[in-house]
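Me: I'm new to this structure and would like to learn how to read it. Could you walk me through a few features, one at a time?

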Amino acid sequence: MGVTEAVTPPSSPSDLPDLPKPEAAVTPADIRDGAAVALVVGVAGVLLGLLWVWLAPRVQYVSNGEAVFLRDTESEARIGADGTFFLLALGFGVLSALGVFLWRRRGGVPLVIGLALGAGFAALVGWRLGMWLGPGSDVPAAAAKAGKGVPFDAPLQVLAHGVLLVWPMTAVAVHLGLTALWGPRDPSPSTEWYGAYPPEHVHAEPSPPHPSPSETPRAGS
């Protein structure tokens with residue numbers, strides 16, 4: 001019968017090097033960055049409101065002394081205010097996403113949340129500020145002040161409130177796209193093996209069998 005040799009494992013768990021501990025998914029620094037982004041982007045809503053008041057087309061009313069009518073019923077200025085707000089919000093969304101990406105290329109969930117919250121708040125600030133800086137919302141008082149047959153500017157309004165979501169949606173989409181294309185990549189998993197697998201004895205050449213006593217040549221034979 002053959003003799004089975006004892007096999008010593010190539011290495012023990014104590015011989016393996018210490019693996020690095022996984023980093024925390026969200027750190028306090030990430031939360032601070034997200035809060036800073038939300039604050040800065042939210043304040044930028046003031047610029048949106050100023051540009052909206054400046055660039056939006058004016059709608060004019062006229063009064064006959066009893067009622068108020070549109071001066072030009074075929075004018076597209078009423079939807080022009082929505083279109084102007086839409087284009088401005090779209091541009092601010094792209095610029096804010098690009099600025100956040102250039103500041104923190106690694107991205108992260110707190111950064112995206114801060115960008116979305118800040119952009120949503122900025123859209124509300126721009127909307128309310130534009131209405132406040134624009135013509136007054138008291139149409140009867142404005143008609144009485146202007147006089148019969150004298151045109152006056154209508155209040156600046158957003159008829160399609162969905163445009164308030166343009167800035168946050170654009171900012172998040174553009175930021176995620178930039179991060180996916182040019183953000184840092186995760187390191188590839190290491191393919192290094194600690195020890196030999198399979199062990200060397202698996203493919204070792206078999207040793208020749210030991211001769212039995214009956215097959216041992218005798219002296220003088």
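This is a predicted model: local features need pLDDT of at least 70, side-chain atom pairs count only at pLDDT 80 or more; totals for chains, interfaces and linings use all residues.

Me: Let's begin with helix 6: how many residues does helix 6 have, and how far does helix 6 reach?
Reply: To read a helix, compare its span with the one expected from its residue count. Helix 6 covers residues 166-182, which is 17 residues. From first C-alpha to last it reaches 24 Å, close to the 24 Å expected at 1.5 Å a residue.

Me: Which residues of helix 6 are buried?
Reply: A residue counts as buried when its relative accessible area is under 20%. In helix 6 that applies to Val166, Trp167, Pro168, Thr170, Ala171, His175 and Leu178. These buried residues pack against helix 1 (28-43), helix 2, helix 3 (77-103) and helix 4.

Me: How many salt bridges does a search of the whole structure find?
Reply: Look for a side-chain nitrogen of Lys or Arg within 4 Å of a carboxyl oxygen of Asp or Glu. The search finds three. One of them joins Asp30 and Arg106, with the closest N and O atoms 3.2 Å apart. That pair links distant parts of the chain, since Asp30 is in helix 1 and Arg106 in the loop between helix 3 and helix 4, 76 residues apart.

Me: Which residues are linked in a network of salt bridges?
Reply: The network links Asp30, Asp33, Arg104 and Arg106. Asp33 meets Arg104 at 3.1 Å, N to O. Here too distant parts are linked, with Asp33 in helix 1 and Arg104 in the loop between helix 3 and helix 4, 71 residues apart. Asp33 also meets Arg106, at 3.2 Å. Because Arg106 lies in the loop between helix 3 and helix 4 and Asp33 in helix 1, this pair ties together parts that are 73 residues apart in sequence.

Me: Is Asp33 buried or exposed?
Reply: Asp33 counts as buried because its relative accessibility is 11%. Asp30 is buried as well, at 15%. Arg104, at 25%, counts as partly exposed, and so does Arg106, at 46%.

Me: What does the side chain of Ser63 reach?
Reply: Ser63 is in strand 1 (residues 60-63) and is buried, with a relative accessible area of 11%. Its side chain reaches the backbone oxygen of Ala67 at 3.3 Å. Beyond neighbours within four places in sequence, Ser63 contacts several residues, including Ala143, Gly147 and Phe152.

Me: Which residue follows helix 5?
Reply: Gly147 follows helix 5, and its phi is positive, near 100°. At the start of helix 5 (residues 139-146), a side-chain oxygen of Asp138 comes within 3.4 Å of the backbone nitrogen of Ala141.

Conventions: Residues are numbered from 1 along each chain as its sequence is written. Side-chain values use heavy atoms; hydrogens and water are left out. Helices (H or I, at least four residues) and strands (E, at least two) are DSSP runs, numbered from the N terminus. Buried means under 20% relative accessible area, exposed over 50%, partly exposed in between (1.4 Å probe, protein chains only). Contact means heavy atoms within 4.5 Å. A polar contact is a pair of N or O atoms within 3.5 Å; within protein, one must be able to donate a hydrogen and the other to accept it, and residues adjacent in sequence count only if both atoms are side-chain atoms.
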